[in-house]
Structure formats: C-alpha cells, structure tokens
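Please walk through this protein chain with the model open beside you.

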Amino acid sequence: MSIIKGCDSKHDGHLDSVFSRCKCATWIHWYKTVGDANRRGTRFKSHSREEKGVTGFERNLTPTSMARPSSSSSIISFLRRSPNVGIRNRSLVTGNHYGDVEGAYQPEQKQQDLEEIVKRVSEITRTRPRWERTLLSDFPSFNFLDPSFLSHFVKHQNNAFISLRFFHWLSSQSGFFPDSSSCNVLFDALVAADACNAAKSFLESTNFNPNPDSMQAYIRCLCEGGLLEEAIIEFGQLKEVGVCASTKTWNSALKASIRAGRTDFVWELYGEMMNSKVVANFDTVECVVQAYCDENRVSECYKLLKDGIVPRNAAFNRLISRLCKNKDFGRMSDTLHTMIGRKQAPDLFTYQEVVNGLCKAGKGHEGFRVFKDLKDRGYAPDRVMYTTMIHGLCEMRWLGDARKLWFEMIRKGFLPNEYTYNSMIHGYFRIGNLQEAWKMYREMCDKGYGEKTVSYNVMIKGLCSHGRIKEAHDLFEEMSRKGVPCNHFTYNTLVIGFCKEGKILEARNLLYELLDRGIQPSAASYASLIEKICEEGNMENAKILWDDMQKRGLQPAVHTHDFMITGFCKQGCAIEGMEWLTTMLSSKWRPGEKTFESLIQCLLQIDRLDYALLVLDSMLNIGYRLRISACNSLVAKLCEKNPHPVETYLERILERN
C-alpha cells in the first residue's frame, strides 16, 4: 500500500520495502531524505478522515513546497497576488505529524526523574548567560532528544522566548526531530506572549501544522500585532480545511481592519462571516458601525442600529460622534430617541459625545444647556466632561461660568489635570487677561503638569497672539534647556508670530531650524513668510519658498496665491500676476477681491486694457463689486485712449454678468 497518495507504484513498493528495514534514526533520516527526493512535485492535499491513522512521520514525507488550493475569498486572492506576502503551504491537523517516530528515542538513564531535570534545566537557562556551551556536559547521561522533554520544559519554563531559544539549541543537535505535541505547546506559548513575529517565524522554519484552536489564537495574535494581511491569509487556510473560525476570531480581524483604516477588509470579512452563518455579537455590530462612520455612511449606520440587533451604547455613541462632526444635530436627536426606544438609555459617555460635539461645532451655549440638564436629572459628570465643558465655555469667552465649573469640579473631588489647566489658560488669553493666564500656568507647573509640549504650546500661542513674541521665544528656549521636545506646532506658531511682528529674518531662521530637525512644517508657516516677503517686494525669494513648499508636498492655501499676485503687482509685474490669476481660476479657486483690484490697477498702468477688462469680467462673474476708486481709474483710462466705445465695453461686461 502506498504511504503517500500521488506516488507511482514502482516507488511505493521500493519505499515500503526500505521502510520495513529501517530500525534506527540514521536510516529513518535517510528514508525521509530519499522519500522527499522521490516525491518532489506531488500536490498538497488536506488530510481526509481515512488518513487519520497515518503516522506523523509518514506525513512529514509530504514536500514543503507544494501548491496550495485556491481561495474563494476576494481578499485572500488579492493578497496572494502580492509579491510581498509569503504564503506557507500548510494543512491543519490535530494528530502527530511532525517527526513523531514512536520508539525512536528512549532515555538512557531511566532512574533520573524527568521533572527534576526539567526544573534544573529551566533554572540554568534562566540564569546562565551562555548555557548552550555547557548544558550537555552538565547532564552527560541525559537524552535531550526525548520528544516529551521539550513539551515539559516549555510548560515549566513559562517563558516563551527562553523556550524558543532552547528549541533552537535542540534543533542544532544531531538527530533531533520534535513531535507535534511539543511544537504545539511552544507555538501556543509564543502566541500567548503576543510574540506574533516569533510565532510566524517558528511556523515558517519548521513547517509545523498547529491544531485549529491554536491557529485561531494565532490569527488573533496577528491581528493584535498589526499583521492584518497575514491574519487574513491564515483565515483562508482555516476555510480551506473546513474549519469555521469563532465569532471572537472574526471580531479580532474586524477590529484590526478598523485600526488599520481598511474598511474594505471590514466589508469583505463581514460578508464572509455572514455567509459562514457565524452569529454576530455586540462587538461585531460595533465594528460595522465604526466602519460605516469612518466612511461617513451615516444613513446606513442609523438603519442598522434602528432595525438590527440591539447593540450596546458604545455603538450608538460612535454614530452620535460622527453626526456631531457632520453638524447633523437633527439626526443626532433622532438617534438619542432611537436609543430610548430600543431600551438603551443614553449614559454619561453618550451625553459627553453630545456636549463635546456641540462645543466643537460652535454651539457651546447648547452644550452648556445639555450639561446643566444632565446634572438636574441626576447624572454625575466626571472629570472628562467637566474639562470638555470648561473648554467649550473658554472658547466662547465665558470665563465666569468656566471658573464656577472649575471650583464645582474640585468640590466634587475631581482635581484638574493638564487639559483642564490648559483650557483655562487658553480662555484667559482669549479675553486678553495675560496676568491670570501666567498665574494659572505657574500653578499648573507647581502641580507638576507644566513641563509638557502641549502646555508650552498653549502659552506660546497665547503670547504670540498678543504680540508678546519675546516672552514666547523665552519659553521656546526654556523647552530646549529642560529637554521638552518641540513639535511642528511650536515652530509654526513662532514663525507666524515673528512674521506678524515683521521679523522676517528670525522667522526664516526658525523655519530652517525646523527643517534641519526633520520636522514637517505646515503650509501656514510658509504662507506667513511668503506674505511678508511679498510685501517687501522680494519676489525671487517668495518663489523659492513657494517651490520648496510644493516639493515637501504641502498644498498652498488660496490666500497664498493672493499674496503672490499682489506682490507681483506691487513690483509692476502685471503679466506674471495675470498668469497666477489664470492658474487660480482654472483650478476653481476663488481669488480675493483686493487681488482683482490690484491686478486691474497694475494692468491699467501698463496700458493693457484688454487684460484689465478680462480681469474685471472674471471679478464680476465671481460676485465681487468694483469699488468706486477702481471703477473711476478704469473709466478714465478707457476715455483717455478712446472715449467713444467706453459705453459699449462696459455694457458688454455688465450684460454677461
């Protein structure tokens, strides 16, 4: 009888004969080598029920480079076409299948207690730096090649990485063939330690076939480790051998897809999950809701929550957060009523999303009303909600109400944190009370919150907004002395601050320092510099900054184009200004009203009446009105050259607009 399906009868008979004569590990190793060589090219097949009696040694005769069955999942097919993803040819079995040769190895010293040796070896491998050099001499009579020893060692060691190191040492010993049980124990230990890369390497180096439960735990480990594509490939392998993953495993892949921003994977996985008749639970619904919200498909999300399985509040809260971002407060109100109708009473986190959304949308007074209603109805706001409301009040410059909440919060036992302090400091800068802002900042520093990047940035921005650029720069230098890292916001705020004060050199030096540190600048930093340089009439430097901004992938704001056009007009370069205006209009950008007027005046000065009328036509078409002074200049220039057709020109322009 042939051992492996697919071998021709001539080889089958020869190999069976050789197998019957093999009595030692050397012949077994020879048989495996010759058998692999004779069977190269056979196709991979998953083990059928009739093959369960085949020994693990015989299964090892299957070549490791066989082709895999095709997958029915579009994700799997997509990933398999990717040259960057290695696919392991592997089946899933539950019995011995990896070098498990019954009776091949026996302990030489039966009198030695196996457990005692396991304890001693575990202690040595934990405490001795280079134990590999001396372990054999420490136990000269013990046979480490006993397959059961590795399994006992891994369980007792309780350290997956030391166990993996011990496995590599065993693998370097001549005649070592681990059995499936030992491999599964070590594999499970690596997965339990969240060592997804080590587990992946272990599978690839040993061609070990884990059991289905271990495989599902491995998929979840890959998902937690961010190896989403590898996890999806393993999903395909589970499906090919007829194993349906648990809801927990499906949800793990869905959550990983959400974290990776791959909503396309979410819909593919969810579709496969439904086709496999897997029962969804609360976590599944929350993942689908998050995917809908990420794609801003709020109507479908609302329908799911209204008609589908009754989810937990977290799913409703995600939709409410998205509706607040969209400023769709009408549907947000409907969602709250839907929650109540489905016996899911809104909780504190739900209302926190509502208050936060209203404040961010500039509806702080509405948020404050909701906040007060919550307290009247018996809800107890926590520190996060107090801080959210204080920040919203500070944005509205309602510092009196913000201070009342500050002290109320303290009376309720919630100590302000750095975010609460920064909100108050920002509020004091908003109303121009720099003295109270400094006082609050020093109090925050005394509490141990001050020496952080966010706190410094709030102070630097507030000082720059009131022209206190020297104090802001002093804080910037203090950050360097105290080792507090600066980010792009720190530099951008100072660059803009120096530009507002007309200190172009200092602003440019800061920009270059930012670039030298490898920090990405913002388009606002370039825009401020370009504006001031254009005002000085240095258009060559302005164009250099413009080109550098675009090389770094920064998209110039519309008003930056306006700066360039007005700069060219001040230098009398009306034709270049006209070219920049044409670029703006062709890109569907809306130039400023003063930009049109500056260009018209400049074109009139060089007697380009045709271009001036074209610019006027575009200006009126956008919806601007020409001011009296500019209109008088245009009419005067037209009458000066040829007074007769003036009315005709203007009538045509007015008729088109």
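In which helix is W406 found? W406 is found in helix 22, residues 399-411. Helices here (H or I, at least four residues) and strands (E, at least two) are DSSP runs, numbered from the N terminus.

Before going further, note the ground rules. This is a predicted model, in which local features need pLDDT of at least 70 and side-chain atom pairs count only at pLDDT 80 or more, while totals for chains, interfaces and linings use all residues. Residues are numbered from 1 along each chain as its sequence is written, and side-chain values use heavy atoms, with hydrogens and water left out.

Now the overall picture. The protein chain has 36 helices and zero strands. Of its 657 residues, 47% are buried. Buried means under 20% relative accessible area, exposed means over 50%, and partly exposed lies in between (1.4 Å probe, protein chains only). Contact means heavy atoms within 4.5 Å. Among contacts between residues at least 6 apart in sequence, 64% join residues at least 24 apart.

How confident is the predictor? pLDDT is its confidence in each residue, from 0 to 100. The protein chain averages a pLDDT of 80, and 80% of the residues score at least 70. Over residues 1-112, pLDDT stays under 50. For that stretch the model has 174 contacts beyond four places in sequence.

Back to W406. W406 has 5% relative accessibility, so it counts as buried. Leaving aside neighbours within four places in sequence, W406 is in contact with I390, P416, T420, Y421, M424, M440 and E443. I390 is 16 residues from W406 along the chain, and their C-alpha atoms are separated by 7.4 Å. M424 in turn contacts I390, C394, L399, A402, R403, W406 and M440, again leaving aside neighbours within four places in sequence.

A nonpolar core is a set of buried Ala, Val, Leu, Ile, Met, Phe, Trp, Tyr and Cys residues joined through side-chain atoms within 4.5 Å. The largest one has 115 residues, and M424 and M564 have the most contacts inside it. Helix 34 (residues 609-622) gives the most to this core, with seven residues. A second, separate core has 60 residues, including F144, L203, V266 and A291. In soluble globular proteins, nonpolar side chains tend to be buried together.

F144 opens the aromatic story. Rings of Phe, Tyr and Trp (its six-membered ring) pair if their centres lie within 6.5 Å; planes under 30 degrees apart count as stacked, over 60 as edge-to-face and the rest as tilted. A search of the whole structure finds 31 aromatic pairs. One of them joins F144 and F166 edge-to-face, at 6.4 Å centre to centre and 70 degrees between the planes. F144 lies in the loop between helix 6 (135-138) and helix 7 (147-157), and F166 lies in helix 8 (residues 160-171), so the pair ties together parts 22 residues apart in sequence. F144 is buried, with a relative accessible area of 4%. F166 is buried too, at 0% relative accessibility.

Helix 9 comes next. This helix (residues 180-192) has 13 residues and reaches 18 Å from its first C-alpha to its last, close to the 18 Å expected at 1.5 Å a residue. That expected span is 1.5 Å times one less than the number of residues. Its buried residues include N184, F187 and L190. The buried residues of helix 9 pack against helix 7, helix 8, helix 10 (196-206) and helix 11 (212-224). D194 follows helix 9, with a positive phi near 60 degrees.

Two loop residues also have positive phi. Most residues other than glycine have a negative phi. Phi of N296 is near 60 degrees. N296 sits in the loop between helix 15 (282-294) and helix 16 (298-307), and is partly exposed at 39% relative accessible area. Phi of K343 is near 60 degrees. K343 lies in the loop between helix 18 (329-341) and helix 19 (348-360), and counts as exposed at 75% relative accessibility.

Methods:
pLDDT is the predictor's confidence in each residue, from 0 to 100.
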